[in-house]
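Which charged side chains pair up in this model, and where do they lie? The paragraphs below go through the salt bridges one at a time.

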Amino acid sequence: MIPYGIAAAVSTRVSNELGAGRPQAARLAVCSVMIIAVIELVIISLGLFACRNIMGYAYSNEKEVVDYVTEMVPLICVSVVMDSLQGVLSGVARGCGWQHIGAYVNLGAFYLAGIPVAVLLGFRLHFGGRGLWIGILTGSSIQTAMLAFITCRTDWEYQARKAKERMLQGIHELS
């Protein structure tokens, strides 16, 4: 939940900075929250990985369950990384008014890649839960990569001009 809180904060900050005509401040906000997200994901992933041999006991005392959880923890750690970055980048997209782009990225990443990979690995190739998780991780990785690419290629001055136009349009509609 931490990345989603950060995402809400950056969404508000980016939209406010763009609306105020301060594109460099919006860019700085994005860079700052990405650093915070990376610190958070490193701490959480390392903590999970360090506890991988004992986490299974939170669910069961059976050796089979404990061993399965131990096997799955590395995938969970990678999921924490991807979900943290994706969550924050989604907040950036909302702050820039790119909800439609985020929706297309989400649909493409999960419905065109993640779910088919999950079905293939989980059911056709009999990887079970690991295959399903890898499929979801595939979708999350693609989504993160696409949002990162879009964010890195952003022309912040142009985004500030667009925000100002949207504000002026809203004022004229109220008149």
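**Salt bridges in the predicted model**

Arg130 and Glu71 form a salt bridge through their side chains, at 3.8 Å from N to O; the term stands for a side-chain nitrogen of Lys or Arg within 4 Å of a carboxyl oxygen of Asp or Glu. Arg130 belongs to helix H6 (residues 129–152) and Glu71 to helix H4, so the pair ties together parts that are 59 residues apart in sequence. Helices here are DSSP runs of H or I with at least four residues, numbered from the N terminus. Both partners are partly exposed, Arg130 at 27% relative accessibility and Glu71 at 44%; partly exposed lies between buried, under 20% relative accessible area, and exposed, over 50% (1.4 Å probe, protein chains only).

The model is predicted, with local features requiring pLDDT of at least 70 and side-chain atom pairs pLDDT 80 or more, while totals for chains, interfaces and linings use all residues. Residues are numbered from 1 along each chain as its sequence is written, and side-chain values use heavy atoms, leaving out hydrogens and water.

Helix H4 (residues 63–95) also holds Lys63 and Asp67, four residues apart, or about one helical turn. Their side chains meet in a salt bridge at 3.1 Å, N to O. Lys63 is exposed at 57%, whereas Asp67 is partly exposed at 31%.

In helix H1 (residues 2–19), Arg13 and Glu17 are likewise four residues apart, and their salt bridge spans 2.8 Å, N to O. Arg13 is partly exposed at 46%, but Glu17 is buried at 5%.

The salt-bridge count by this rule is four.

Note on methods. Helix = DSSP H or I, 4+ residues; strand = E, 2+ residues; numbered from the N terminus.
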